[in-house]
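Subject: Structure handover

Hello,

The structure is placed below for your use. My notes on strands and helices follow it.

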Amino acid sequence: KHIHLDLLVALSDGMGGLDEPLLASNLSVQTAFKFLVNNNRYTNQYLGLSIVEANKTLLSVSGNKSRGATLTIFYIREEYLYFGHIGDCRLLLIRDNEVKILTEDHSKAARNSGMRNPTNFIIKDAKFSKNLIKCLGQKEFDINYVQTPEVPIHLKTNDVIILCSDGAWSEIESTDMINIIENDPYTAANQILNKIEEGGCK
């Protein structure tokens with residue numbers, strides 16, 4: 001069955017402990033979207049470049065303030081998925097009752113464990129949600145800091161894509177996520193929020 005879809009989605013998580021995390025995350029998404037729309041190109045390379053542009057903008061308005069954020073952005077065109085990523089939000093592909101984590105966790109814990117891409121790990125693993133080593137707001141930053149796949153990911157019928165911050169993936173087991181997505185999207189989203197709140201996150 002052919003997939004007819006044209007969708008651009010982004011998630012940015014402002015870094016707590018730094019200045020104005022909500023402003024940092026909002027500005028990051030707005031800048032990335034503006035860059036992509038102005039260029040009218042949505043390849044993996046341009047998604048990565050939109051993250052570089054978001055970093056430049058965040059630095060330019062921060063002055064003496066310390067601001068930081070993660071940013072993961074994906075684009076689906078028909079049956080192909082493109083993405084750019086920095087930080088520890090996770091882009092999940094659920095296929096045939098298995099969860100695959102497409103993004104790397106850019107944290108000290110993930111680096112020290114050798115787990116750059118935790119594809120074979122369960123989603124819930126709070127120890128990998130701390131101490132980012134790559135994020136927006138860094139002065140030394142270029143396209144090589146950003147994770148993008150070498151080729152677009154070919155999607156299949158019944159695939160499910162989930163983009164979530166560490167507040168979600170650190171509270172939900174893979175098996176729970178698979179069960180949750182059996183519901184309609186609205187119900188599934190509310191069940192995910194309930195799981196997060198049960199774990200103590202807001």
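Strand E4 (residues 90-95) is joined to E5 by 4 bridges, and the two run antiparallel. Strands here are DSSP runs of E with at least two residues, helices are runs of H or I with at least four residues, and both are numbered from the N terminus. Arginine 95 has glutamate 98 in E5 as its bridge partner.

This is a predicted model, in which local features need pLDDT of at least 70, side-chain atom pairs count only at pLDDT 80 or more, and totals for chains, interfaces and linings use all residues. Residues are numbered from 1 along each chain as its sequence is written, and side-chain values use heavy atoms, with hydrogens and water left out.

E5, E4 and E7 form an open sheet of 3 strands in the order E5-E4-E7, with antiparallel pairing (two strands pair if DSSP finds at least two bridges between them). Strand E5 (98-101) and strand E7 (160-164) are the edge strands, each pairing on one side only. From one strand to the next, the twist averages 25°.

On the helices: H1 (residues 21-39) and H2 (residues 44-62) pack at an angle of about 130°, and their axes are 8 Å apart. Axes are lines fitted to C-alpha atoms, for helices over the stretch in contact, and angles run from 0 to 180 degrees between N-to-C directions. The contact (heavy atoms within 4.5 Å) includes Leu27 and Phe35 of H1 and Tyr46 and Glu53 of H2.

Regards
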